[in-house]
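Please look over the sequence and the three-dimensional model shown here, and then follow the account of strands, helices and aromatic rings below.

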Amino acid sequence: NGFSRDDDCSQRPRGARLSAPKALFVSSNRIGDCVISSGVIREIARQLPGVQITVACGRPPAPFFRSAPNVERVIILDKKKAAGHWVDLWRQVRGTKWDMVVDIRGSALAYLIPAKRRIVYNRRWETGLRKVEMVSRLMGSSTPLDPEIFLDDQARAEAAAVIDPQLAAGPGVGPILARPILALAPIAHQPGKSWPADRWGALVDKLKAEPRFDGWRFMPVGGPGDRPPATPALEAAGDRAIDCVGKGDILCSAAAIDRATLFVGNDSGLMHVSAALGRPTLGLFGPTEWWLYGPWGPKTRTAASNETRGRFAPIEDLSVDHVFDGVLALHDAYVAGAAGPETP
């Protein structure tokens, strides 16, 4: 009769090709949350081999997904009045029969479009677990879905165009790629999370005088609006500065951080980017739960204004000496014992 039976007992003509499964992943509008949940991409592909994934997310983190495996489309969600952005998204995805919809924003969208399986985040998952663990359990994974940054050649080339001329123009000898860089992220976009800008300058001054950091360069990283808080660090670094503030999109910034030997930053999206890249990372914390929201990974540490779990203090209480000691400890743990500067 010209038909053969599949494993799921459906029938199709012999030689006919099944269409690829389709998945919709509704991610965050925040960079940090997108990084934390980035392991979902590979888990969707594991559960649905050959899947074609559509990602919906905010504009700032959208470049993260342009080269992510199995992602065929990225829909940017620009927030609109009266939840108009959700209406726009619904109009773009309602005509597809989705094999899986994963919504970590917990919206009603997943229930308003045709889908064989819906995985929707709910606040009941917030039981004291770290966000990576919560998202992993949501996806049914027995092991944590480690965050991942999907760098591409474009991002690496853009970062090199910013970094390499500054490395060559400043002090230092030897191959450019071997020169150690300390990346700094002096901004966080939520109130109370930003260590005062002048202390970043004071930190750089102390590090320049520390023999461990002889020959190192200091690279503030951030978006176009991050220049004011980065200025004291740039000024303190002088001819040892690499200015990577406002020089490209978030994936370019990620590629720049990937060139660094160490990273120090506020509790921000860039802190999570650094940790996901495997860079030794020190996150600075004030009145937020460092034990829940600290960087994820084996080479990560935190410095908090109150180091007692469950207690808090303003980030202004975090001293330069405390952060300096944290940087030295990070260096001694992951750089000093290596044969040379840790480079990508």
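In what order do the five strands of the open sheet lie? The order is β5-β4-β3-β6-β7, with parallel pairing, where two strands pair if DSSP finds at least two bridges between them, and where helices (H or I, at least four residues) and strands (E, at least two) are DSSP runs numbered from the N terminus. β5 (71–76) and β7 (118–120) stand at the edges with a single partner strand each, so one side of each has no neighbour in the sheet. Direction ignored, neighbouring strands of this sheet are turned by 10° against each other on average; axes here are lines fitted to C-alpha atoms, for helices over the stretch in contact, and angles run from 0 to 180 degrees between N-to-C directions.

This is a predicted model, in which local features need pLDDT of at least 70 and side-chain atom pairs count only at pLDDT 80 or more, while totals for chains, interfaces and linings use all residues. Residues are numbered from 1 along each chain as its sequence is written, and side-chain values use heavy atoms, with hydrogens and water left out.

Within the sheet, β3 (residues 22–26) and β6 (residues 100–103) run parallel and are joined by four bridges, with A23 standing opposite M100. Helix α3 (residues 84–93) packs on the sheet and touches β3, β4 (52–57) and β5, contact meaning heavy atoms within 4.5 Å; the direction of α3 makes about 150° with that of β5.

Rings of Phe, Tyr and Trp (its six-membered ring) pair if their centres lie within 6.5 Å, and planes under 30 degrees apart count as stacked, over 60 as edge-to-face and the rest as tilted. The ring centres of F25 and F65 are 6.5 Å apart and their planes stand at 85°, so the pair is edge-to-face. F25 is buried, with a relative accessible area of 0%, and F65 is buried at 1%, where buried means under 20% relative accessible area, exposed over 50% and partly exposed in between (1.4 Å probe, protein chains only).
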